[in-house]
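Trainee: I would like to go through this model with you, starting from the chain contact and then moving to the helices. Can we take it in questions and answers?

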Amino acid sequence: MAHLPRRTHSILLILSFQICFSTIFAVFGSVFFQEEFSEELLLKPLPDRKVLAHFHFETTAPPLSTSHGRHHHLFPKAIAQLVQKFHVKEMELSFTQGRWNYDRWGGFDPISSSNAKPPGVELWAVFDVPKDQVDASWKNLTHTLSGLFCASINFLESSTTYSTHEWGFHPSSGGLRYGTLPREAVCTENLTPWLKLLPCRDKAGLSALLDRPSIYRGFYHSQRLHLTSSEFHSSGVESGIVLEQALTVVLQPNSHKMSKTFSSETKLQPSWSLSSIFGRKVTGRCILAKTSNVYLQLERGLVTGLENLQKDNMITGPDHVGSGGLKDNPGFELSVRPDKMFKEVNSLHGKSSSILYEYSIERYSVFEPFDLGLTWKFPVVWSCPRAPLHSSRFLMGSGNQRGTIAISFTSTDLEEGFLSANIGEESCKLQADIFQVVPWYIKAYYHTLRVFVDGQPEAITNVVEKMHVSPSEDKESPGVMELVLKFPCAVKSAALTLEFDKGFLHIDEYPPDANQGFDIPSAVIIFPNFQTSMHYLEDNSSNKSPMLSKFQEKSPVLSYTEVLLVPLTTPDFSMPYNVITITCTVFALYFGSLLNVLRRRVGEEERILKNSASKKAGRLPQLLSRLSAKLRGKEWEPPQSPSTSSSFISSKLILKVFIVAGVAVFWQYYSE
Amino acid sequence: MVLHCYSHFLAHSLPKELKGNLIIFCADVASAMFIRATGRNLQIAYGQSLKFLDLVKLSEKSDILPSGDIAALVYLWNPFTIVACVGLSTSPVENLAIILSLYGACRRIAPLAAFGWVMATHLSLYPVILIIPMILLLGYGPDTPPRKLFLQRKYVEVGDTPSNDRCQQGEAVDQPELPYVFSWRPVIHFLFWTSLWLVYVLVLCGVSVKQYGGLWELFKRTYGFMLTVQDLSPNMGVLWYFFAEVFDFFRNFFLIVFHGNILFMILPLAIRLKHRPFFLAFVYIVISSMLKSYPSVGDSALYLGLLGLFVNELADMKFSFFLFCGYIGVSLLSPVMHNLWIWRGTGNANFYFATAMAYACLQIILVVESVSAMLNHDRKLRKLSATKVLDGKT
């Protein structure tokens with residue numbers, strides 16, 4: 001009796017194990033090909049002796065319909081749940097410290113226009129829910145993200161901090177919310193949860209380079225999380241969820257080694273290596289990654305500079321650099337020989353194009369770490385491609401009552417040939433879109449908008465093509481201004497001014513350090529006629545790099561202006577009690593004295609009555625005192641007319657005493 | 001005077017601003033004219049009542065000042081009025097509506113009174129409490145000494161006269177007595193016209209704000225904004241700082257308390273001063289301009305102008321010199337403190353708040369002292385008439 005069940009048990013057990021294993025294998029097998037992870041690092045020397053490092057991690061998950069339920073192999077579960085729950089169609093979250101220098105670090109390449117972000121936290125999200133539920137989804141999303149990234153993103157929940165827009169910032173039909181927290185401090189506590197989303201965390205692969213002290217020592221640091229999901233698309237190809245994590249750092253290599261100067265005006269660029277800027281080396285790839293590459297990008301300007309150098313040195317022809325003679329490169333020397341080299345395909349800008357060296361990490365290991373080094377041999381001076389107009393924003397006016405926001409544009413002169421190539425000379429117009437959000441306590445008067453072109457005031461209708469304004473509402477919503485400006489191409493400088501009044505807040509609405517001032521979020525300037533895309537000639541390899549394909553996407557040139565710091569008037573924070581008590585006292589005085597004046601007649605009459613009464617019975621108090629003495633002596637004296645009142649008083653007193661005693665007894669009883 | 005100031009200002013103002021400026025200027029001048037007319041009316045009533053009480057000697061002894069002229073001049077020359085006019089504030093228009101309603105009630109022109117009241121309420125809500133003095137004004141006529149005096153007087157006279165002359169004397173008494181009984185006719189007229197104007201204004205508002213959320217939204221954005229003190233920018237009152245500092249937890253409580261303070265005083269004052277409805281209206285205006293959520297100098301200009309109407313009755317008011325100096329001091333100090341705090345950043349909110357507090361105290365003293373002076377005046381009249389009666393008896 002007992003054997004049979006045991007045997008059947010064991011058989012069942014084995015069977016179930018088999019089923020389990022087979023399903024697990026099936027899941028692994030199918031998912032392994034579908035969920036993908038890739039890690040890439042782009043290094044780029046910058047003209048002002050700094051180095052840009054751009055980490056790009058991409059994780060993709062197949063759509064829910066084709067994958068196996070909610071099991072994820074590589075894709076972070078938290079993000080997948082978030083997408084499922086809040087129906088996020090697209091989302092971007094960035095934590096930034098420092099300000100991207102558009103003049104020196106470039107303003108016309110994919111990295112600057114899609115990865116340079118305003119200081120603090122920026123979040124925008126597109127939801128695939130009915131319009132009336134968008135705000136609720138946004139609220140939930142901000143709370144979730146704030147928990148995920150250990151940041152106060154939940155402050156974006158209140159309607160005063162986020163906004164909707166019509167067309168200014170991102171082409172999307174409704175369902176988009178945009179919010180920024182300019183003052184959010186970004187630190188390692190935000191980076192750690194961000195790294196946790198990677199399959200290898202920071203234990204292996206390229207992310208192992210992310211040494212906290214060396215990253216936060218940099219001039220600019222921006223970690224970004226971009227999420228696209230096509231789960232809820234009713235039509236079109238389903239590509240699942242794509243999670244892009246990018247980290248852009250601008251670092252200063254140590255330059256004390258370099259001592260010799262070549263000429264009076266040019267100094268040799270500092271030489272660097274991965275170990276010198278990050279303090280670590282790459283010890284192999286993340287095993288889960290499909291591709292794991294490091295790129296070194298030489299900019300167009302730098303390539304031109306190198307070519308000139310080569311010409312000067314009379315070594316070879318101008319296209320020698322392009323053909324890959326690295327050993328002969330006169331400008332610099334690389335410590336590791338690149339695996340591949342790509343050249344940018346450009347039809348527009350003639351002479352030279354930027355160069356990309358690719359290193360595959362796969363063959364490196366702990367015993368043979370990858371440490372790319374770049375040693376400069378000759379000084380090269382170059383500049384980065386810049387946006388057609390350099391924009392900056394500042395405050396005008398003094399005092400705490402009102403002020404003026406000014407956005408100024410100056411032509412960068414670099415792209416003139418570019419412009420003429422793009423559009424015909426006659427009707428040449430330079431379009432710039434501005435998207436500006438101001439908090440409600442900056443009460444902007446949009447009718448005071450004035451435009452100056454080349455220092456001369458210009459009629460608004462000549463310049464402003466399209467305008468959308470939603471005025472702020474006190475403690476309800478921020479003010480949003482979206483503008484499409486069209487300047488003549490020959491514009492040298494332009495400026496926009498907008499006057500505002502400063503609001504007065506409740507004592508609780510001031511941040512802890514109120515006298516520091518309030519931050520107005522960055523304005524977004526978009527040049528929709530200029531597209532950034534870098535197309536590198538690849539050798540038709542099947543595994544296309546996600547980062548490079550991202551670079552290929554055409555996106556308009558975009559730049560953020562500075563964050564403005566507006567000082568607001570503060571009340572005395574130590575005064576609430578004083579103010580309440582003093583004001584209440586004054587009003588009590590008013591109430592009391594006015595009532596007193598009004599009822600004075602009664603007092604007079606009473607006095608008259610008293611006078612007449614005292615004439616009649618002057619010995620009343622004496623009588624009363626005598627009576628009380630009598631009452632003490634004899635309890636039950638036949639009561640006279642005044643004694644009724646006194647006995648009444650005494651009975652009242654006794655009653656009061658009884659009530660108090662009763663309350664005390666109750667209190668005693670209940671407290672025990 | 002104002003005209004000169006105005007023409008000086010006109011020369012510098014842009015043509016665009018001219019229209020609004022003219023309206024405000026005209027409103028000020030019209031208010032002054034109406035104050036003058038009201039003052040004459042009041043003065044005639046005062047003289048009549050004194051004559052009736054046989055106190056003509058009193059009026060001859062201390063010659064009755066032309067209170068209407070004085071009030072109109074005070075209104076026009078008041079620096080507060082000039083400031084409100086130059087600053088293109090809308091308060092002159094609100095003041096005009098209030099004065100119009102009072103003038104209409106004084107002259108018993110029910111449509112005008114109703115129009116003024118509805119417009120004033122529509123513009124600034126607080127004049128809604130003026131309906132009580134206006135009904136009294138329409139019912140009893142302009143200010144008189146207490147009704148008891150007349151009754152006493154009548155009784156004495158009737159008692160004094162020999163029996164054969166009684167009917168004659170009674171007729172003679174009846175004639176001036178007529179205004180002192182409450183007559184319902186003008187009141188009902190007034191209520192009818194009020195409802196008519198009210199419907200008219202509401203329909204017009206409803207039509208014009210139909211596409212922006214209707215009347216409810218309008219009330220929420222205008223009266224709601226006044227009642228829940230949302231804007232905390234500094235002004236002449238004390239509530240902005242109070243509500244900037246008070247704990248959010250108690251905010252609603254204090255909102256109720258401060259607005260209740262206006263309402264609490266309505267009934268006692270109405271009972272005590274029902275024989276002087278115009279003075280009652282003045283007291284209501286002072287109280288509401290002191291306790292309203294966003295007071296301005298225009299409100300002070302109105303009640304200071306109206307104060308001139310009672311120059312005869314309030315002749316022996318206490319602290320009048322102190323009040324005068326206080327007003328001058330506050331109106332000089334308050335801009336300085338505002339400038340120091342907001343523009344220079346060297347001052348502190350507390351300094352400005354202190355001047356606002358002092359200003360509130362001055363207004364309180366003004367209200368209390370004027371009410372007490374008015375009651376004392378009545379007392380004096382009674383005493384005089386009592387002695388007169390005694391003299392007549394003996």
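Trainee: What area is buried between chain A and chain B?

Mentor: Keep in mind that this is a predicted model. The contact involves 37 residues of chain A and 45 residues of chain B. Carbon and sulfur atoms give 69% of the buried area, which comes to about 3800 Å².

Trainee: Which residues of chain A lose the most area to chain B?

Mentor: Three residues head that side, and together they account for 19% of what it buries. They are A:Phe587, A:Tyr590 and A:Leu598.

Trainee: Which residue of chain B does A:Lys443 contact?

Mentor: A:Lys443 sits in strand β18 of chain A, residues 442-453. Setting aside neighbours within four places in sequence, its contacts in chain A are A:Asp474, A:Glu499, A:Phe500, A:Asp501 and A:Gly503. A:Glu499 is 56 residues away from A:Lys443 in sequence, but their C-alpha atoms are 8.5 Å apart. The contact in chain B is B:Asp231.

Trainee: How far apart are the end C-alpha atoms of residues 577-598 of chain A?

Mentor: UniProt, in an unreviewed entry, annotates residues 12-33, 577-598 and 653-670 of chain A as "transmembrane region". Residues 653-670 of chain A are 100% helix, with end C-alpha atoms 26 Å apart. Residues 577-598 of chain A are also 100% helix, and their end C-alpha atoms lie at a separation of 31 Å.

Trainee: What is the helix content of residues 80-103 of chain B?

Mentor: The unreviewed UniProt entry lists several spans of chain B as "transmembrane region", including 80-103 and 187-209. Residues 187-209 of chain B are 96% helix, and their end C-alpha atoms are 32 Å apart. For residues 80-103 of chain B the end C-alpha atoms lie 22 Å apart, there is 0% strand, and the helix content is 83%.

Trainee: Is α4(B) roughly parallel or antiparallel to α17(B)?

Mentor: Helix α4 of chain B (residues 67-77) and helix α17 of chain B (residues 297-307) pack with axes 7 Å apart, at an angle of about 160°. Angles over 145 degrees count as roughly antiparallel. Therefore α4(B) and α17(B) are roughly antiparallel.

Trainee: What is the handedness of the crossing of α4(B) and α17(B), and which residues meet there?

Mentor: From α4(B), B:Ala71, B:Val74 and B:Tyr75 meet B:Ala301, B:Leu302, B:Leu304 and B:Gly305 of α17(B). By class the contact has 6 nonpolar, 1 polar and no charged residues. The crossing of α4(B) and α17(B) is right-handed.

Trainee: How many polar residues are in the contact of α2(A) with α4(A)?

Mentor: The axes of helix α2 (residues 77-86) and helix α4 (residues 134-148) of chain A come within 11 Å and cross at roughly 170°, so α2(A) is roughly antiparallel to α4(A). The α2(A) side is A:Ala78, A:Ile79, A:Leu82 and A:Phe86, while α4(A) supplies residues including A:Ser137, A:Asn140 and A:Thr144. The contact has 7 nonpolar residues and no charged ones, and the polar residues number 3.

Trainee: Which residues of α16(B) make the contact with α14(B)?

Mentor: Helix α14 (residues 251-264) and helix α16 (residues 277-291) of chain B have axes 10 Å apart and pack at about 175°, so α14(B) is roughly antiparallel to α16(B). The contact divides into 4 nonpolar, 2 polar and no charged residues. The α14(B) side is B:Phe258, B:Asn261 and B:Ile262, and the α16(B) side is B:Ile287, B:Ser288 and B:Leu291.

Key:
Residues are numbered from 1 along each chain as its sequence is written. Chains are lettered from A and ligands numbered from 1 in the order in which they are written. This is a predicted model: local features need pLDDT of at least 70, side-chain atom pairs count only at pLDDT 80 or more; totals for chains, interfaces and linings use all residues. Side-chain values use heavy atoms; hydrogens and water are left out. Axes are lines fitted to C-alpha atoms, for helices over the stretch in contact, and angles run from 0 to 180 degrees between N-to-C directions. Helices (H or I, at least four residues) and strands (E, at least two) are DSSP runs, numbered from the N terminus. Angles under 35 degrees count as roughly parallel, over 145 as roughly antiparallel, 65 to 115 as roughly perpendicular and the rest as oblique. A crossing is left-handed if the near helix is turned anticlockwise from the far one by less than a right angle, and right-handed if clockwise. Contact means heavy atoms within 4.5 Å. Ala, Val, Leu, Ile, Met, Phe, Trp, Tyr, Cys and Pro count as nonpolar, Asp, Glu, Lys and Arg as charged, and the others, Gly among them, as polar. UniProt positions are given in the numbering used here, feature names are shortened, and annotations may be inferred rather than shown by experiment. Buried area is the accessible area (1.4 Å probe) that two parts lose on being put together, summed over both.
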